[in-house]
Amino acid sequence: MSDDLAISMNSQGKILSRHGDPSWDMSPFFGYSNIWKFDSRIPADTSPQIRGELIAIFKRLMLWAMYAKGESYSPSTLQAYYWLVWHLIRFCCTNALSPLSLKENLSCISLLGESLSSVKSLGKTAEFFHSVYLGREILGFTILTLPQLETLASNGKLGEGYRQTACIPERIFFAIFDKSFDIVSNFLKNYDSVRDMHDLCVEFKTEARQSGEAAGQLNDESFSEKYGFSFTEYLEGNGLMQVIRPCALGNKVNLMAFNSYLSRVRFAAKILIFALTGMRRGELLQLRFGCLSKHEDPKFGEVFFVNGVTTKTQRNPNASWISSADVELAINAVERLDQMLAYRPDLPKKYQQIFKTELLFGSYPAPWNPFDFEKLEKRGIVRGYNIQMLPLKGLFDEEEFRITSADFEQALRLTPNLDRKIFGVGKIWAFNWHQFRRTFICMGLDKGVSVAAMSWQAKHGGAAITEYYGKNYFRMPVPKSITKEFLEEQANLLELTIKELSSDRYVPLVDKNRIAERVISESDEKGMRELIQNGQISARRTALGLCLNREPCPFGGWDHIADCDGCIHARADRAMKPRADAMLSLIDADLAACGPADDLLRQSLDAQQAAVLVFRRAMERGEHGQNRQA
């Protein structure tokens with residue numbers, strides 16, 4: 001790296017720091033005075049001074065984090081990375097080690113963990129070093145190996161300062177999800193009756209205030225005196241008693257119980273949205289009316305999107321989260337609760353728009369109770385990390401959340417430094433909101449969702465943090481019996497596919513390509529299975545056909561077909577002709593929408609179009625060959 005490389009410039013274009021400088025002025029990045037020093041003595045004047053190779057590695061790691069890592073970071077995250085590398089270099093300097101020799105020194109990892117335990121942003125430690133491992137080819141060196149990362153992640157002293165958010169065991173996750181779903185579904189099913197009950201309570205309280213009477217308790221006696229039937233009779237007649245009774249304190253089914261029920265509906269809806277989108281808490285609090293949209297997909301049918309704002313990595317006011325139909329119930333429930341609130345008689349005009357446009361996820365500010373409207377000014381502030389389960393007390397059987405041996409084993413696989421003071425066999429699972437996000441990510445990755453797709457859904461700056469969420473350097477083991485069964489089914493499917501290669505269905509992109517015939521001739525009925533199991537025959541699906549290359553494709557995966565033209569391993573599947581036509585129609589529409597400034601997009605679309613046309617012509621060539629034979 002050239003020492004003359006400009007690192008930072010001020011607003012007038014003047015270079016403040018170059019790569020070869022002993023320190024970098026990073027003030028333009030942070031908006032305040034901030035100097036990154038690379039050659040300072042650590043930790044005191046009598047300590048060794050950072051020199052030579054250590055400075056070069058220090059700078060290379062910081063440049064990589066800023067530019068080559070391929071992710072967008074906030075200033076606070078970059079500063080946290082600077083201090084992490086600073087502590088790494090300090091550790092090496094003090095112990096006369098090179099960072100490049102750590103991978104060969106397993107015994108030093110516990111000492112490194114002790115040194116890193118003093119870092120303020122411990123939450124970034126494991127994720128950063130994992131991303132350094134993933135970027136080892138770009139960096140040109142390896143700092144820590146995967147076994148060392150595993151040791152570092154489970155380091156006791158490191159874990160005391162920072163513990164990764166626990167992943168909720170599947171049994172407990174679905175217990176709270178199913179109950180929350182039932183609460184929301186019953187609310188929407190009985191919405192008309194709930195709304196009538198709500199309006200009666202508002203009317204009763206409003207008239208009491210206007211007449212100068214004490215608002216007092218709305219109970220059976222006062223309700224009967226005004227309307228001719230009791231509060232409980234109304235609830236029983238409209239089928240609401242069974243859902244409100246669990247919210248009552250003792251046997252007092254009164255207005256307080258009704259208010260508690262409405263708060264619990266909102267709480268349950270909040271759980272569903274977290275569990276079905278993987279959102280952050282701050283993102284949930286910025287949802288608005290009409291945030292749900294639906295799109296008809298030709299393959300998957302109706303797809304649901306929750307639309308909002310994300311600001312954690314890079315601000316995007318038009319962010320979207322893919323979800324399922326169940327999220328529609330949760331959002332509809334919150335919208336209806338807010339619509340009921342919008343008509344409270346004492347609502348100041350300046351707050352009316354809030355109730356009509358924003359989704360509120362706090363406790364239910366009932367129209368018949370006094371409410372501090374100034375709290376709405378702070379509605380975007382996320383307070384509290386742990387979930388207080390009081391809102392669902394009575395609706396849940398606490399025993400459903402008692403941790404079994406199987407629950408605890410599953411939780412430890414994904415979070416090895418789980419806090420034993422909070423989590424343990426026989427204890428009630430201690431929920432927090434972020435657990436739903438991590439569980440969503442872990443479950444998605446476990447079910448086969450790609451890291452890239454999950455990174456987009458989670459609104460992460462890049463793939464490294466997504467992998468950290470899902471793996472933490474551990475993989476959930478699959479039982480051997482299931483693994484064997486899965487491999488047998490894969491072999492059966494591959495055998496059927498290979499037998500079809502000599503048919504007219506699969507057409508080589510390179511004319512006169514006889515690879516299929518060679519494959520079939522090499523493998524008779526008895527020997528084919530052995531060739532498959534030994535990896536001597538391969539046939540992987542692509543977007544428009546098959547790839548017969550036994551080695552990993554250097555150009556991409558399932559959806560990358562731009563480099564298939566001219567490849568002897570590529571085959572077009574004539575059954576995919578409708579898909580090819582649909583892809584061409586989409587590309588034509590995108591090309592027509594390109595503007596003068598969209599040169600790069602147009603080039604990309606042209607390349608995609610050319611690739612699909614290659615497959616399309618091969619499919620037609622196969623049809624002509626079949627017609628000639630007929």
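A charge is taken to sit over a ring if NZ of Lys or CZ of Arg is within 6 Å of the ring centre and within 35 degrees of the ring normal. By this criterion, the charged end of Lys459 sits over the ring of Trp321, 4.8 Å from its centre, and Arg336 lies over the face of Tyr191, at 4.6 Å from the ring centre. The structure is a predicted model, in which local features need pLDDT of at least 70 and side-chain atom pairs count only at pLDDT 80 or more, while totals for chains, interfaces and linings use all residues. Residues are numbered from 1 along each chain as its sequence is written, and side-chain values use heavy atoms, with hydrogens and water left out.

Lys459 is buried, with a relative accessible area of 9%; buried denotes under 20% relative accessible area, exposed over 50%, and partly exposed the range in between, with a 1.4 Å probe and protein chains only. Most residues other than glycine have a negative phi, and most peptide bonds are trans. The phi of Lys459, in contrast, is positive, near 60°.

A positive phi, of about 55°, is also found at Ala96, which is not a glycine. Ala96 follows helix 3 and is placed in the loop between helix 3 (75-94) and helix 4 (109-116). Ala96 is exposed, with a relative accessible area of 72%, whereas helix 3 is mostly covered, 16 of its 20 residues being buried. Helix 3 reaches 28 Å from its first C-alpha to its last, close to the 28 Å expected at 1.5 Å a residue, the expected span being 1.5 Å times one less than the number of residues.

Helix 9 (residues 170-189) likewise has 20 residues, and its reach of 28 Å from first C-alpha to last is close to the expected 28 Å. The buried residues of helix 9 include Ile172, Ala175, Ile176, Ser180, Ile183 and Val184, together with Phe173, Phe177 and Phe187.

Aromatic contacts were examined next. A pair of aromatic rings is described by the distance of the centres and the angle of the planes. Rings of Phe, Tyr and Trp (its six-membered ring) pair if their centres lie within 6.5 Å, and planes under 30 degrees apart count as stacked, over 60 as edge-to-face and the rest as tilted. The structure holds 20 such aromatic pairs. In one of them, the rings of Phe173 and Phe177 have their centres 6.2 Å apart and their planes at 20°, so the pair is stacked. Being 4 residues apart in helix 9, Phe173 and Phe177 are separated by about one helical turn; Phe173 is buried at a relative accessible area of 5%, and Phe177 is buried at 11%. Phe431 and Phe436 form a further stacked pair, with 6.1 Å centre to centre and 10° between the planes. Elsewhere, ring pairs link Trp24, Phe30, Tyr32, Trp36, Phe38, Phe58, Tyr82, Trp83 and Trp86 into a cluster.

Helix packing was described with axes that are lines fitted to C-alpha atoms, for helices over the stretch in contact, and with angles that run from 0 to 180 degrees between N-to-C directions. Helix 19 (residues 433-446) and helix 20 (residues 451-458) pack at an angle of about 160°, with their axes 10 Å apart. That angle makes helix 19 roughly antiparallel to helix 20, given that angles under 35 degrees count as roughly parallel, over 145 as roughly antiparallel, 65 to 115 as roughly perpendicular and the rest as oblique. Helix 9 and helix 19 pack at about 120°, with their axes 12 Å apart, which makes helix 9 oblique to helix 19.

Cys594 is placed in the loop between helix 25 and helix 26 (599-629) and is buried, with a relative accessible area of 11%. The C-alpha atoms of Cys594 and Leu605, 11 residues apart along the chain, are separated by 9.8 Å.

Methods
Helix = DSSP H or I, 4+ residues; strand = E, 2+ residues; numbered from the N terminus.
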